[in-house]
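Morning, everyone. I have one structure to go through today, and I will keep it short.

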Amino acid sequence: MGLLDGKLAVVTGGGSGIGRATARRMTEEGARVAVLDLDGDSAQVVADEIDGLAYEVDVRDAEAVKSAVGDAAAKLGGLHAMFNNAGISTIGRIHELKLDDWHRVVDVNLHGVFHGIRAAVPIMLAGGGGSIVSTSSISGTNPAAGESAYSAAKYAVIALTKNAAIEYGPTIRVNAVAPGYIHTAMTNPIVEHFGAHSDHIVGITPAGRIGEPEDVADVVVFLSSDLARFVTGQTLIVDGGLALRGSVVDGVLDTLTGERA
Ligand code: NAP
């Protein structure tokens, strides 16, 4: 018997990295999953693999998210688990950051989560229950220089998670995950161009390694399942202990700019 037997789930940013791993793990645990991604082709590849549904959706577009989540729920027969996971990052000092970059990063990482919660809640309330999980980051708990937009958005996801848990309990549980340094397309540039930095991060991480998408996916499955029936409004840090000692991009801005402000 799977942890998510008979559950129907939506995963945003499900075409890659943590979202893809979660769509796969949810399916292994018995769920039917709809994969939403900006990249419709990657969403389709994952959906084909897990016998799920694929939607090309930009999470910045509230109507598009609502329409895809509604369509998926109609086709799958309901909605029990929503994983608001799509995200992007940028790096630069506050006064040098392009305004467009600030708005894009906040739009995807925070407004995308807001749109996902708003799309899922009416369906879950009508269905009598559900679990919402959103992706924050240790950048939202332990910010480093250069990640203002990303940190602000990820910190806000933690607050929004608490708001939603209060508003929609006991019918809907709402939690977040805060990954640390996870090996995905998002962190590939750091791994490739800052090898020494990666070695340093591994060195200060109590678990002694970089995380894999499946490390986060398993926690999302737990939070989406009845095993977490008394857990709501929480942000679970999934970082091998890294946040005890630092943040993923600590020092990267200095390395990039070659100087301190
Ligand atoms: P990833 O492999 O790049 O996956 C992110 C996915 O989100 C991609 O498929 C991407 O599509 C999609 N996406 C981006 N913008 C979108 C939009 N506007 N609408 C819909 N989908 C969009 O990176 P990841 O590491 O798995 O990231 C997943 C989440 O984990 C993000 O929220 C990220 O901030 C968070 N996180 C990651 C780490 C880490 O170390 N990797 C640490 C902490 C938090 P495209 O490929 O087409 O852009």
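**Core and sheet**

I'll start with one residue. Setting aside residues up to four places away in sequence, Leu-36 is in contact with Val-10, Val-11, Thr-12, Gly-13, Gly-14, Tyr-55, Val-57, Ala-68 and Val-69. Bear in mind that this is a predicted model.

Leu-36 also belongs to the largest nonpolar core, which has 34 residues. Val-10, Ala-34, Tyr-55, Val-69 and Ile-132 join Leu-36 as the residues with the most contacts inside that core. At least two core residues come from each of strand 1, strand 2 (32-37), strand 3, helix 3 (62-76), helix 4 (99-127), helix 5 and strand 6. Helix 4 gives the largest share, nine residues. There is also a second, separate core of 24 residues, with Leu-4, Val-133, Val-220 and Ala-228 among them.

In what order do the seven strands sit? The order is 3-2-1-4-5-6-7, in an open sheet with parallel pairing. Strand 3 (53-56) and strand 7 (235-238) are at the edges with a single partner strand each, so one side of each has no neighbour in the sheet. From one strand to the next, the twist averages 15°.

In the parallel pair of strand 1 (residues 8-12) and strand 4 (residues 81-84), there are three bridges. Val-10, which we met in the core, has Met-82 of strand 4 as its bridge partner.

Last, two helices. Helix 5 (residues 148-168) packs on the sheet, touching strand 5 (130-135), strand 6 (172-179) and strand 7, with its direction at about 165° to that of strand 6. Helix 8 (residues 213-224) lies across strands 4, 5, 6 and 7, and runs at about 165° to strand 6.

That's what I have.

Methods
Residues numbered from 1 in each chain as written. Predicted model: local features only at pLDDT ≥ 70, side-chain atom pairs only at ≥ 80, totals over all residues. Heavy atoms only, no water. Pairing = 2+ DSSP bridges. Helix = DSSP H or I, 4+ residues; strand = E, 2+ residues; numbered from the N terminus. Axes fitted to C-alpha atoms, helices over the stretch in contact; angles between N-to-C directions. Contact = heavy atoms within 4.5 Å. Core = buried A, V, L, I, M, F, W, Y, C linked by side-chain atoms within 4.5 Å. Buried < 20%, exposed > 50% of the residue type's maximum accessible area, 1.4 Å probe, protein only.
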